[in-house]
Amino acid sequence: ALPNALVVMAIKYGMVPELSGYDQLRREVKYGERSRVDILLEGPPGRCYVEVKNVSLVEAEAACFPDAVSERGPLCPGIDPHPELIRAWGLTVDAEGLAKFCDICVEAFSDFAVVKPQVAFFEALGAEGFRALEDVCAYARDAGLLVIADGKRGDIGSTARAYAAAFLEPRGVDPPLADALTVNPYLGSDSLEPFVAACRRHGAGVFCLVRTSNAGARDIQDA
């Protein structure tokens with residue numbers, strides 16, 4: 001479950017000081033006759049039984065756990081490693097911190113069908129950042145997730161073909177970076193043709209930017 005996965009990754013990366021110092025972490029460990037504990041930690045401090053509760057209601061700073069029915073739908077969580085968010089998680093704003101952030105996200109989102117990493121945050125860290133993007137895309141696919149690269153690329157001719165090759169076509173013996181790419185069709189239908197052609201050749205997909213929700217969108221989109 002998502003809450004359990006988040007807690008596991010937080011423990012592994014030392015983000016919960018009270019649960020540090022243990023050598024082994026096991027999940028869904030049976031104890032007694034009809035019970036299981038979410039997480040069992042073992043090591044020099046001894047044994048620690050961790051039960052994870054998903055707080056869905058807070059009243060007057062008190063956590064409540066009302067019964068609720070939830071259904072998984074076709075959601076697509078984004079992987080948006082804002083520097084502020086990385087710092088808030090106690091990680092460093094560099095390639096190493098970015099990789100740890102992405103590992104946590106992929107582990108947490110493993111029950112979904114698809115994830116959408118925002119390319120710009122990776123590119124902002126240069127070559128090492130793009131390597132982190134390649135790694136998270138590969139890690140997500142290994143976890144059985146589809147990957148939409150949120151790059152919003154758009155251009156004409158050879159430049160569009162190069163964008164399509166970068167994200168949607170195999171790179172030597174390696175698979176394409178992503179299963180799909182967000183594109184900007186502002187330059188017209190011919191600017192989309194290289195992306196569509198790549199999709200047909202390699203079974204990829206494109207998501208076209210059509211109408212956005214930002215306040216300034218009306219300046220052009222409603223003209």
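The structure is a predicted model, in which local features need pLDDT of at least 70, side-chain atom pairs count only at pLDDT 80 or more, and totals for chains, interfaces and linings use all residues. Residues are numbered from 1 along each chain as its sequence is written, and side-chain values use heavy atoms, without hydrogens and water.

The count of aromatic pairs comes to 2. Rings of Phe, Tyr and Trp (its six-membered ring) pair if their centres lie within 6.5 Å; planes under 30 degrees apart are stacked, over 60 edge-to-face, the rest tilted. Trp 89 and Phe 101 have ring centres 4.7 Å apart and planes at 35 degrees, so this pair is tilted. Trp 89 sits in the loop between helix H2 (83-88) and helix H3 (95-108), and Phe 101 in helix H3, so the pair ties together parts 12 residues apart in sequence. Helices are DSSP runs (H or I, at least four residues), numbered from the N terminus. Trp 89 is partly exposed, at 26% relative accessible area. Phe 101 is buried, at 2%. Buried means under 20%, exposed over 50%, and partly exposed in between (1.4 Å probe, protein chains only).

The rings of Phe 109 and Phe 112 have centres 6.0 Å apart and planes at 85 degrees, so they pair edge-to-face. Phe 109 is buried at 14%. Phe 112 is partly exposed at 25%.

Ile 156, Tyr 186, Leu 187 and Ile 220 make a nonpolar surface patch of about 450 Å². Ile 220 lies in helix H8 (residues 218-221). Its relative accessibility is 56%, so Ile 220 counts as exposed. Patch residues have over 30% relative accessible area and no salt bridge; nonpolar side chains (Val, Leu, Ile, Met, Phe, Trp, Tyr) are joined within 5 Å, like charges within 9 Å. A salt bridge is a side-chain nitrogen of Lys or Arg within 4 Å of a carboxyl oxygen of Asp or Glu. Accessible areas come from the Shrake-Rupley method with a 1.4 Å probe; for residues, only the protein chains shown count as cover.

How values were computed. Helix = DSSP H or I, 4+ residues; strand = E, 2+ residues; numbered from the N terminus.
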